[in-house]
Amino acid sequence: MAHTDLDLASESLWSKTPVPAGERAPRGTLHAEVVVIGAGMTGISTALTLLEQGHQVLLVDRQAAAQGESGKTTSHCTSFLDQRYTDLSRAHGEASARQVLELTRTALRTLEVRAQQHAPNSFGHLPGFLLTEDPRALDSLRDERAAIESLGAEGLTWDDAQLPWRQARGALRWEQQAWLEPRAYLAGLLGAFLAGGGRFL
């Protein structure tokens, strides 16, 4: 059986979305109040925020913007975590788990506001699902729902019909989660950064 190059097989659906290019690095000494290394989601977001706060910012990357993991994301944005809230509450207490939940909600709101400002049509709402194919794991999903709701979350329901994965036995459905077209979003943020006087090399 022939083998497929994994880099080609996993090419992002939005890899062709254009993103502003950086300047050619000039010779000599550069001066900036703040230097941000890495032009992915974290770097571009940080650089724009610092610029808006009045700082002179230089954004630097060894390659084009959004070429790393940020440009290859699965695009779903959700308050569901790899670490279950039941485990967070047990290990760190409900107050810490509640703080983590609130931070995820803040992140979703921030993405939405930024998209509305700089990258229309790159963000939208849709439900998120946490599902299992294993009938023995259904009780743990129900426990997770109870844990999340005890932290103050809303919009969670139990779903065991017409799920987006046909092998699923049951799922938690969480309304008002989101999708993000990452390169379009980052193109908008980077464009705003450059228009505001920031430099990208």
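Colleague: Before we start, what does buried mean here?

Modeller: A residue counts as buried when its relative accessible area is under 20%, and as exposed when that area is over 50%. Please bear in mind that this is a predicted model.

Colleague: Then is alanine 66 buried or exposed?

Modeller: Alanine 66 has a relative accessibility of 3%, and therefore counts as buried. It is found in the loop between strand E2 (57-60) and strand E3 (76-77).

Colleague: What is the phi of alanine 66?

Modeller: The phi of alanine 66 is near 60°, which is a positive value in a residue other than glycine. Most residues other than glycine have a negative phi.

Colleague: Where is glutamine 176 found, and what is its phi?

Modeller: Glutamine 176 is in strand E6, which covers residues 170-180. Its phi is also positive, near 60°.

Colleague: Is glutamine 176 buried or exposed?

Modeller: Glutamine 176 counts as exposed, because its relative accessibility is 54%.

Colleague: Let us turn to the helices. Which residues of H3 are buried?

Modeller: In helix H3 (residues 85-92), the buried residues are Tyr85, Thr86, Leu88 and Ser89. Viewed down the axis of H3, they fall within an arc of 165°, so they line one face of the helix.

Colleague: What do those buried residues pack against, and which exposed residues are on the face turned away?

Modeller: The buried residues of H3 pack against H4, helix H5 (138-150) and E6. Arg90 and Ala91 are the exposed residues on the face turned away from the buried side.

Colleague: How do the axes of H3 and H4 cross?

Modeller: The axes of H3 and helix H4 (residues 94-118) come within 7 Å and cross at roughly 140°. The two helices are therefore oblique to each other. On the H3 side, Tyr85, Leu88, Ser89 and His92 meet Glu94, Ser96, Ala97, Val100, Leu101 and Thr104 of H4. The residues of this contact divide into five nonpolar, four polar and one charged.

Colleague: And what about H4 and H6: at roughly what angle do their axes cross?

Modeller: The axes of H4 and helix H6 (residues 182-195) cross at roughly 65° and come within 9 Å. This crossing of H4 and H6 is left-handed.

Colleague: Which residues make that contact?

Modeller: H4 contributes Thr110, Leu111, Arg114, Ala115 and His118, while H6 contributes Tyr185, Gly188, Leu189 and Ala192. The residues of the contact of H4 with H6 divide into five nonpolar, three polar and one charged.

How values were computed: Residues are numbered from 1 along each chain as its sequence is written. This is a predicted model: local features need pLDDT of at least 70, side-chain atom pairs count only at pLDDT 80 or more; totals for chains, interfaces and linings use all residues. Side-chain values use heavy atoms; hydrogens and water are left out. Helices (H or I, at least four residues) and strands (E, at least two) are DSSP runs, numbered from the N terminus. Buried means under 20% relative accessible area, exposed over 50%, partly exposed in between (1.4 Å probe, protein chains only). Axes are lines fitted to C-alpha atoms, for helices over the stretch in contact, and angles run from 0 to 180 degrees between N-to-C directions. Angles under 35 degrees count as roughly parallel, over 145 as roughly antiparallel, 65 to 115 as roughly perpendicular and the rest as oblique. Contact means heavy atoms within 4.5 Å. Ala, Val, Leu, Ile, Met, Phe, Trp, Tyr, Cys and Pro count as nonpolar, Asp, Glu, Lys and Arg as charged, and the others, Gly among them, as polar. A crossing is left-handed if the near helix is turned anticlockwise from the far one by less than a right angle, and right-handed if clockwise. The arc is that of the directions from the helix axis to the C-beta atoms.
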